[in-house]
Amino acid sequence: MMSPKMTDALNQQINEEYFSNYIYLAMAAYLEDMDLEGMAHWMRMQAQEEYLHAMKIFDYMIERGARVELKPVAAPPKEWESPLAAFEAALEHEQYMTGNINTLADLAINERDHATNNVLQWYVTEQVEEEANVDSIVKKLKMMGGGGQGLFMMDRELASRPMPTIVEGAGGA
Ligand code: FEO
């Protein structure tokens, strides 16, 4: 049986993943407003990925007989200074999420909850990919100077991001 402490912490993480979904949708809306449809598409796909992250914990908790509790999702920001600033904020957010996952894994180890730790290790690996993906976009945007031509090129490149599924990346579902 999952401990109440672990149950609370996983419920909190479901909320964090839903907030991530929301923040990327807000970034998609901001980029759509600038007619950067490729970048907005990338953010929409990222939002979908966050929904899958939330649902993976949701399904795992149900499998373990732990009670899922959904909490209110905070409103994300609406504006960023520039598309580069939005992607920089995305990178900062992923670094924050990595911290959350590491704290959860520490808790699972302390609680001797090996099954939960095993699930969390999937997220540990996933976060490496999450940070690397955004970091690469931030670096390219900076190299291109964040200006018109560079934005146009990145917008075209990011338009091809495929729809994520939970089996992609390390570990599978
Ligand atoms: Fe679910 Fe992007 O971390």
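Trainee: Arginine 112: buried or exposed?
Mentor: Arginine 112 counts as exposed, at 65% relative accessibility. The cut-off for exposed is over 50%, so arginine 112 passes it. Keep in mind that this is a predicted model.

Trainee: Where is arginine 112 found?
Mentor: Arginine 112 is in the loop between helix 3, which covers 83-110, and helix 4.

Trainee: And what is phi of arginine 112 near?
Mentor: Phi of arginine 112 is near 55 degrees, and that is a positive value in a residue other than glycine.

Trainee: Which other residue has a positive phi although it is not a glycine?
Mentor: Aspartate 35 has one, at about 65 degrees.

Trainee: Where does aspartate 35 lie?
Mentor: Aspartate 35 lies in a loop too, between helix 1 (4-33) and helix 2.

Trainee: Is aspartate 35 buried or exposed?
Mentor: Aspartate 35 is exposed, and its relative accessible area is 58%.

Trainee: Changing topic. How many salt bridges does the structure hold?
Mentor: The structure holds 6 salt bridges. One of them joins the side chains of arginine 44 and glutamate 32, at 3.1 Å from N to O. That pair links distant parts of the chain, with arginine 44 in helix 2 and glutamate 32 in helix 1, 12 residues apart.

Trainee: How exposed is arginine 44 in that pair?
Mentor: Arginine 44 is partly exposed, with a relative accessible area of 44%. Glutamate 32 also counts as partly exposed, at 26% relative accessibility.

Trainee: Which residue does glutamate 88 form a salt bridge with?
Mentor: Glutamate 88 pairs with lysine 142, and their closest N and O atoms are 3.4 Å apart. Glutamate 88 sits in helix 3 and lysine 142 in helix 4, so the bridge links distant parts of the chain, 54 residues apart.

Trainee: What is the relative accessible area of glutamate 88?
Mentor: The value for glutamate 88 is 31%, which puts this residue in the partly exposed class.

Trainee: What about aspartate 135, which residue is its salt bridge partner?
Mentor: The partner is lysine 139, with the closest N and O atoms 2.7 Å apart.

Trainee: How many residues apart are aspartate 135 and lysine 139?
Mentor: They are 4 residues apart in helix 4, which means that about one helical turn separates them. Aspartate 135 counts as partly exposed, at 25% relative accessibility.

Trainee: On to pockets. What volume does the largest pocket have?
Mentor: The volume of the largest pocket is about 220 Å³.

Trainee: How many residues line the largest pocket, and which lie nearest its centre?
Mentor: The lining has 15 residues, and those nearest the centre are Trp42, Asn133, Ile137, Arg161 and Pro162. The elements giving two or more residues to that lining are helix 2 (37-64), helix 4 (114-143) and helix 5 (148-158).

Trainee: Which element gives the largest share of the lining?
Mentor: Helix 4 does, with 6 residues.

Trainee: How do the lining residues divide into nonpolar, polar and charged?
Mentor: The lining of the largest pocket has 6 nonpolar, 2 polar and 7 charged residues.

Trainee: Now the surface. Which residues form a nonpolar patch there?
Mentor: Tyr22, Leu25 and Val73 form one, with about 240 Å² of accessible area together.

Trainee: Where does tyrosine 22 lie?
Mentor: Tyrosine 22 lies in helix 1. Tyrosine 22 counts as partly exposed, at 40% relative accessibility.

Trainee: What separates the C-alpha atoms of tyrosine 22 and alanine 75?
Mentor: Those C-alpha atoms are 7.6 Å apart, although the two residues are 53 residues apart along the chain.

Trainee: And asparagine 21, buried or exposed?
Mentor: Asparagine 21 is buried, with a relative accessible area of 13%. Asparagine 21 has its place in helix 1. The C-alpha atoms of asparagine 21 and glutamate 50 are separated by 5.0 Å, and the two residues by 29 residues along the chain.

Trainee: Last one. Where is isoleucine 57 found?
Mentor: Isoleucine 57 is in helix 2. Isoleucine 57 counts as buried because its relative accessibility is 2%, where buried means under 20%.

Notes: Residues are numbered from 1 along each chain as its sequence is written. This is a predicted model: local features need pLDDT of at least 70, side-chain atom pairs count only at pLDDT 80 or more; totals for chains, interfaces and linings use all residues. Side-chain values use heavy atoms; hydrogens and water are left out. On a 1 Å grid over the protein atoms alone, a cavity is a set of points where a 1.4 Å probe fits but cannot get out, and a pocket is an open set with protein on both sides within 12 Å along at least five of seven lines; lining residues have an atom within 4 Å of a point. Grid points are joined across faces, edges and corners, and a volume is the space filled by probe spheres set on the points. Ala, Val, Leu, Ile, Met, Phe, Trp, Tyr, Cys and Pro count as nonpolar, Asp, Glu, Lys and Arg as charged, and the others, Gly among them, as polar. Buried means under 20% relative accessible area, exposed over 50%, partly exposed in between (1.4 Å probe, protein chains only). Patches are made of residues with over 30% relative accessible area and no salt bridge: like charges are joined within 9 Å, nonpolar side chains (Val, Leu, Ile, Met, Phe, Trp, Tyr) within 5 Å. Accessible areas come from the Shrake-Rupley method with a 1.4 Å probe; for residues, only the protein chains shown count as cover. A salt bridge is a side-chain nitrogen of Lys or Arg within 4 Å of a carboxyl oxygen of Asp or Glu.
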